[in-house]
Amino acid sequence: LWVPGDMSQLQAKLVTKDKRYQVPDVPLGVSSDALPVDLNGLVNSLLLRTHEQDTDQGINHVEFDFLVNEELLRSALGDHVTEKGLSTESVIEIEFVLKRAPPEPLFSIPHEDWVSAVECLESRILTGCCDAIARLWDNAGNSIAEFSGHQGAIKDVAWISCDNTSAVFVTASQDEDLRMWQYHFDTSSSSCIRVCRGHTQSVESVAVNAASGRFCSGSWDGTLKIWPSEVSGDTVNSEGPTPKRFKGAKKKGKTEVVATEEGPLSTLLGHGQAVSSVLWLDRNTVCSAGWDHCIRLWDLDSGVNTSTLTGMNAFRSIAVSPLNGLLASGGSGHHVHLWDLRVPDGKMVKMTLMSHTGWVSSVDWSNTSENEVVSGSYDHTLRLWDTRSPKVPLYAMTSHEAKVLCLDWSQSQMIASGGADNQLHIHRVVR
């Protein structure tokens with residue numbers, strides 16, 4: 001068996017881990033200029049022959065991707081073999097896997113200003129906007145409530161908890177404050193339950209660690225601050241509580257409540273410029289990225305910067321994979337960099353994903369596939385990557401008409417992204 005092309009052939013074996021699509025385990029003669037589309041035709045032909053005696057309906061045409069030496073094939077087989085320095089004297093193993101279906105635009109949700117923050121949890125979507133209002137939506141794009149009180153653009157949002165009765169979340173703003181909010185679904189009422197003050201410039205990022213009952217913020221003032229996230233209790237700063245009144249939900253039932261003003265539990269110093277992104281690695285370790293070209297790891301018990309990763313450009317966003325432990329970063333360098341924090345050489349870039357033509361403003365990992373990460377950019381696009389294909393993304397999503405400012409892939413079948421086109425776009429992601 002061979003694929004049409006030039007007369008140069010390679011000995012190859014087609015294998016798969018998916019038992020539904022296994023083919024005979026024998027070497028085949030394959031043309032060196034065979035492309036993925038040719039191999040796809042070959043596999044489908046083999047599947048047809050293998051299953052032609054089956055009494056069931058059989059197998060329809062299936063689209064596959066192909067891995068050679070653990071990297072997706074994106075060129076002619078011979079060129080890939082040569083580039084990777086593989087021997088042409090031995091049988092080349094080609095693994096085929098189901099091709100990822102392209103993300104499908106579902107709907108968009110218009111906002112009054114730039115959509116600068118988004119985070120999804122279960123069937124809820126939380127957004128922050130440059131009009132200083134946070135908004136709560138359901139997964140169908142229906143508005144649930146609006147939350148006003150900030151005096152500047154909301155730069156980030158993070159869930160603390162959400163169930164059938166209530167939702168609790170925190171917002172970070174250009175007005176130098178963070179605010180904790182609670183919304184009750186049964187009464188359609190809300191309250192600003194805490195105002196967190198201590199930063200001296202815009203608060204750019206916030207991340208919650210439910211296990212420790214704390215959240216972390218990063219600011220343009222170059223500091224990180226740790227705050228309590230418990231809803232109950234009267235913990236206040238050293239100067240005592242300062243009651244203030246803030247409006248709750250604007251959409252359903254206006255409320256006015258007293259919120260407690262609170263100072264941070266601790267402050268972390270080390271960044272030379274603005275802190276643009278923060279996340280938790282575990283209940284006692286925080287990771288931050290900044291405009292000083294540094295990614296820093298912090299031990300919260302000691303308050304010490306335990307490790308520093310240095311890049312070539314300012315960082316805008318970081319995200320860690322829950323499956324492979326790799327850290328993805330995006331920034332002014334137009335690329336997505338992957339770092340391995342678990343190995344001694346983790347201070348070096350493990351891989352670079354290159355395709356964007358503008359700043360990479362946001363990154364997030366799949367929580368179901370260790371190889372997939374999505375990025376958003378000032379070039380108006382989202383790009384879905386498989387780390388086994390670093391030079392070419394799987395797909396580019398072009399729904400945005402202006403720069404992408406934020407994205408979230410915490411729901412496995414949905415990517416939410418916001419941008420300077422005043423829209424929140426929702427893409428469906430399925431196998």
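User: Let's start with β3 and β4. How many bridges join them, and do they run parallel or antiparallel?

Analyst: In this predicted model, β3 and β4 are joined by 2 bridges and run antiparallel. Within that pair, Val68 sits opposite Glu71 of β4.

User: Nice. What's the strand order in the open sheet of 5 strands?

Analyst: Reading across, the order is β2-β1-β5-β3-β4, and the pairing is mixed. The edges are taken by β2 and β4 (71-72); each has a single partner strand, so one side of each lacks a neighbour in the sheet.

User: And which strands does α1 touch when it packs on that sheet?

Analyst: α1 touches β1, β2, β3 and β5. Its direction makes about 110° with that of β3.

User: Tell me about α1 itself. How many residues does it have, and what span does it reach?

Analyst: α1 has 15 residues and reaches 21 Å from its first C-alpha to its last. That is close to the 21 Å expected at 1.5 Å a residue.

User: Which residues of α1 are buried?

Analyst: They are Leu39, Asn40, Leu42, Val43, Asn44, Leu46 and Leu47. The cover over these buried residues includes β1, β2, β3 and β5.

User: On to the largest nonpolar core, then. Which residues have the most contacts inside it?

Analyst: Leu14, Val30, Phe64, Phe66, Ile94 and Phe96 have the most contacts inside this core of 23 residues. Two or more residues come from each of β1 (9-15), β2 (28-31), α1 (36-50), β3 (64-68), α2 (77-83) and β5 (92-98). α1 gives the most, with 5 residues.

User: How many residues are in the second, separate core?

Analyst: The second core has 19 residues, among them Ala134, Ile154, Cys192 and Ala259.

User: Back to α2 for a moment. Why does Val81 count as buried?

Analyst: Val81, which lies in helix α2, has 1% relative accessibility. Buried means under 20%, so Val81 counts as buried. Apart from sequence neighbours within four places, Val81 is in contact with Leu10, Leu86, Thr88 and Ile92.

User: What separates the C-alpha atoms of Val81 and Asn69?

Analyst: They are 8.8 Å apart, for two residues that are 12 residues apart along the chain.

User: Let me zoom out. How many helices and strands are there in the chain?

Analyst: The chain has 2 helices and 35 strands. Of its 431 residues, 55% are buried. The accessible surface comes to about 18800 Å², with 47% of that belonging to carbon and sulfur atoms.

User: What share of the contacts join residues at least 24 apart?

Analyst: Taking contacts between residues at least 6 apart in sequence, 52% join residues at least 24 apart.

User: Why is β29 largely enclosed by the rest of the structure?

Analyst: Because 6 of the 6 residues of β29 (residues 360-365) are buried.

User: And Val373, buried or exposed?

Analyst: Buried, because Val373 has 1% relative accessibility. Val373 lies in β30 (residues 372-377). Leaving aside neighbours within four places, its contacts are Ala328, Leu353, Asp364, Trp365, Arg383, Leu384, Trp385 and Trp409. Leu384 is 11 residues away in sequence, with a C-alpha to C-alpha distance of 6.1 Å.

User: Last one: what's the order of the open sheet of 4 strands?

Analyst: The order is β25-β26-β27-β28, with antiparallel pairing. β25 (315-320) and β28 (349-354) are at the edges with a single partner strand each, so one side of each has no neighbour in the sheet. On average, neighbouring strands there are turned by 20° against each other, direction ignored. β25 is joined to β26 (residues 326-331) by 5 bridges, and Ser317 has Gly330 of β26 as its bridge partner.

Methods. Residues numbered from 1 in each chain as written. Predicted model: local features only at pLDDT ≥ 70, side-chain atom pairs only at ≥ 80, totals over all residues. Heavy atoms only, no water. Core = buried A, V, L, I, M, F, W, Y, C linked by side-chain atoms within 4.5 Å. Buried < 20%, exposed > 50% of the residue type's maximum accessible area, 1.4 Å probe, protein only. Pairing = 2+ DSSP bridges. Contact = heavy atoms within 4.5 Å. Axes fitted to C-alpha atoms, helices over the stretch in contact; angles between N-to-C directions. Areas by Shrake-Rupley, 256 points an atom, 1.4 Å probe, with all protein chains shown as cover. Expected span 1.5 Å × (residues − 1).
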